[in-house]
Amino acid sequence: MKQLKNFGLLTPALWVSILAVLLLGIGPLISRSASQRETIYIILQVVVLAASLNILLGYTGYVSFGHIVFFGLGGYTGLYLISAQNWPLWSAVLAGGLSSALLAFLLGKAILRLRGAYFALATIGINEAVRAFVNNFDPFGGPVGMTLNFKVYDGYGGAANALWMTYYVLLVMALAVIFLNFAIKNSKFGLGLMAIRENEDAAEVMGVVTPNAKTWALVLSAILPGMIGTLFFFKNGNIEPGDAFRLDYSIEMLVIVMLGGQGSVLGPILGAVGYEGMRNFLLTSPIFKNIQLSVAGMLLLVIVLFIPAGAVGWLRKHFPALKRVLV
Amino acid sequence: MTVLLSVQNLTKHFGGLQALTQVSFDIHEGQILGLIGPNGAGKTTLFNVINGVYHPDAGSIVFKNRDVTRLKPYDLAHMGMARAHQIVRPLNELTVRENVMVGACFGRENLSLSKARGVADDVLESVGLYIRADQLAGSLNIAQKKRLEMARALAAHPYLLLLDEVLAGLNPSEIDGMIQTVHKIRAQGITIFMIEHLMKAMMNISDRIIVLDYGKKIADGMPKEIANDPQVIEAYLGDPRMAEKLLGEA
């Protein structure tokens with residue numbers, strides 16, 4: 001128990017975030033409605049992606065414009081193992097996470113020496129490079145990608161069952177990403193990351209081994225996107241380079257983290273719900289449906305200019321009583 | 001007396017600018033060594049090279065009997081070297097306590113978070129910042145930020161403390177407070193290497209002083225000797241009347 005306390009795992013602040021995810025995820029479990037499940041699936045997926053990005057962006061202060069590369073690569077690795085090597089979904093999901101972690105580790109060694117805008121530009125380059133590679137990589141199906149044989153789902157009690165199953169797994173992953181964020185934020189490792197975010201040179205002089213800390217932050221922020229990448233494309237049944245490495249999706253993740261509040265645990269959840277809610281409205285509105293990305297861009301501008309600390313930061317500032325429960 | 005840090009023939013240039021030329025000196029354990037010199041003499045560069053921020057072009061640095069010439073700042077921090085910067089570098093969005101905890105967690109003793117919290121509170125108490133512990137570091141004024149720099153360095157429980165103009169920009173009463181803090185630190189057995197422009201303070205506080213001018217060491221000795229050294233008077237003070245004033249103060 002003491003150990004748990006040290007990590008802040010028994011504080012109300014963690015339970016607020018856990019409760020938020022559960023509230024979000026429980027609807028389809030009660031209604032058993034497939035369409036509601038699909039809507040919530042996308043939101044939960046965004047929660048996992050945004051909360052993972054938060055480890056790098058929020059705690060470490062590094063902007064990644066190409067974070068979706070980990071989702072795409074994980075999806076490709078997992079789907080390849082399922083379709084060509086007949087691996088079960090579970091091992092494939094793990095392998096998807098590991099492949100992204102490995103890429104993150106190598107990238108960490110190579111490009112985390114870059115700072116600020118240079119790092120951000122490099123991450124776009126990586127996403128495009130991996131997309132181009134996959135486009136020309138025959139085992140992954142090149143430009144047409146890979147399609148799962150429908151029979152694969154029989155092993156999981158048929159397609160309908162398999163879809164529900166992926167939903168449960170995703171819900172667990174969403175809870176896992178919240179725990180991960182919390183554990184990092186309340187650990188010595190996390191303190192080192194935040195020191196890097198505030199002033200990397202000062203952190204180094206104080207003894208933070210910055211190259212290692214940054215690499216591990218990138219690895220931790222890549223694992224879950226890789227895992228849910230496999231999960232999503234398994235559910236989807238096929239994968240193509242264009243779907244797997246969507247740069248606009250990366251940028252939406254940034255908007256979501258900043259909207260909710262970077263460096264906070266609850267932030268990515270609030271951001272995901274708020275942004276997806278707005279997007280659903282925009283996509284169904286006759287006026288905005290063609291310009292929804294421009295609205296996202298405007299939103300990012302407004303956040304950066306007026307509420308740089310995001311929704312959680314704003315709430316903490318204006319309602320100090322909430323400080324204990326909103327982290 | 002044992003030598004804590006030994007610098008031999010240190011040379012560093014940036015492009016065409018010769019920032020340090022063949023600088024050699026030793027720091028003995030428990031001493032306060034002062035470093036003075038006109039603006040641009042290479043004082044902060046010397047700190048940066050000793051600290052691992054820059055690597056020298058030639059020469060060697062031995063700290064605690066180990067060659068540290070090519071090590072990184074964090075390696076030196078782990079070995080027990082800490083530094084307060086001339087231009088303060090607070091971690092603005094973290095609290096004052098968290099700032100100091102970073103020093104304690106990642107410094108020589110590699111403490112756990114909970115132990116670091118205890119050390120941070122002790123250090124904050126000793127530099128007079130305890131009442132600000134829960135404030136964000138960004139909200140401190142400049143004198144408090146200077147103290148915070150010092151507190152972070154001290155929390156690492158270093159063997160050697162590099163102080164880069166911790167008195168600059170402070171008013172007279174703040175300076176007195178800071179000088180007392182420096183004395184307290186020395187009393188704890190921490191060796192101090194400090195850059196300062198305030199001659200009066202420097203002459204009082206240092207056991208020994210070295211003088212840099214255009215990247216060369218031009219003098220090395222007791223404060224009195226330095227104040228009487230004709231080369232120092234010429235190169236550093238320029239004006240003989242200034243030297244008299246200096247002697248009067250010391």
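Start with B:Leu35, which stands opposite B:Ile195 in strand 8 of chain B. As you look around, keep in mind that this is a predicted model.

**The sheet around that pair**

Now select residues 32-36 and 191-195 of chain B: these are strand 3 and strand 8, paired in the parallel sense over 4 bridges. Widen the view and you will see that they belong to an open sheet of 6 strands in chain B, with the order 6-7-8-3-9-10 and mixed pairing. Which strands stand at the edges? Colour strand 6 (81-84) and strand 10 (216-221) of chain B: each has a single partner strand, so one side of each has no neighbour in the sheet. On average, and ignoring direction, neighbouring strands here are turned by 15 degrees against each other.

**Helices on the sheet**

Next, pick residues 43-50 of chain B. This is helix 1, lying across strands 3, 6, 7, 8 and 9 of chain B, and it runs at about 150 degrees to strand 7 of chain B.

**A hairpin in chain B**

Move to residues 3-14 and 17-28 of chain B. Strand 1 and strand 2 run antiparallel here and are joined by 8 bridges. Click on B:Leu10 and you will find it opposite B:Val23 in strand 2 of chain B. The hairpin has 2 residues between its strands, and B:Gly15 takes a positive phi near 55 degrees.

**Two domains of chain B**

Where they meet, 15 residues of domain 1 are in contact with 12 residues of domain 2. On the domain 1 side, helix 2, strand 7 and helix 6 (172-187) of chain B each supply at least two residues. That side has 7 nonpolar, 5 polar and 3 charged residues.

**Where chain B meets chain A**

Show both chains together. How many residues of chain B are in contact with chain A? There are 23, and they meet 18 residues of chain A. Helix 2 (73-79), helix 3 (96-106) and helix 4 (113-127) of chain B each give two or more residues to this side, and helix 3 of chain B has the largest share, with 6 residues. The chain B side divides into 11 nonpolar, 7 polar and 5 charged residues.

**Into the core and over to chain A**

The largest nonpolar core has 179 residues; those that touch the most other members are A:Val47, A:Val48, A:Ala50, A:Ala174, B:Ala104 and B:Ala151. Helix 10 (residues 210-236) of chain A gives the largest share, 15 residues. Zoom in on A:Val47: beyond its neighbours within four places in sequence, it is in contact with A:Val21, A:Ala174, A:Pro268, A:Ile269 and A:Ala272.

For the last stop, select residues 267-284 and 310-318 of chain A. The axes of helix 13 and helix 15 come within 7 Å and cross at roughly 115 degrees. A:Gly267, A:Leu270 and A:Gly271 of helix 13 make the contact with A:Gly310, A:Ala311 and A:Val312 of helix 15.

Methods:
Residues numbered from 1 in each chain as written. Chains lettered and ligands numbered in written order. Predicted model: local features only at pLDDT ≥ 70, side-chain atom pairs only at ≥ 80, totals over all residues. Contact = placed C-beta atoms within 7 Å. Nonpolar A, V, L, I, M, F, W, Y, C, P; charged D, E, K, R; others polar. Pairing = 2+ DSSP bridges. Axes fitted to C-alpha atoms, helices over the stretch in contact; angles between N-to-C directions. Core = buried A, V, L, I, M, F, W, Y, C linked by C-beta atoms within 7 Å. Buried ≥ 20, exposed ≤ 12 C-beta atoms within 10 Å, placed from the backbone.
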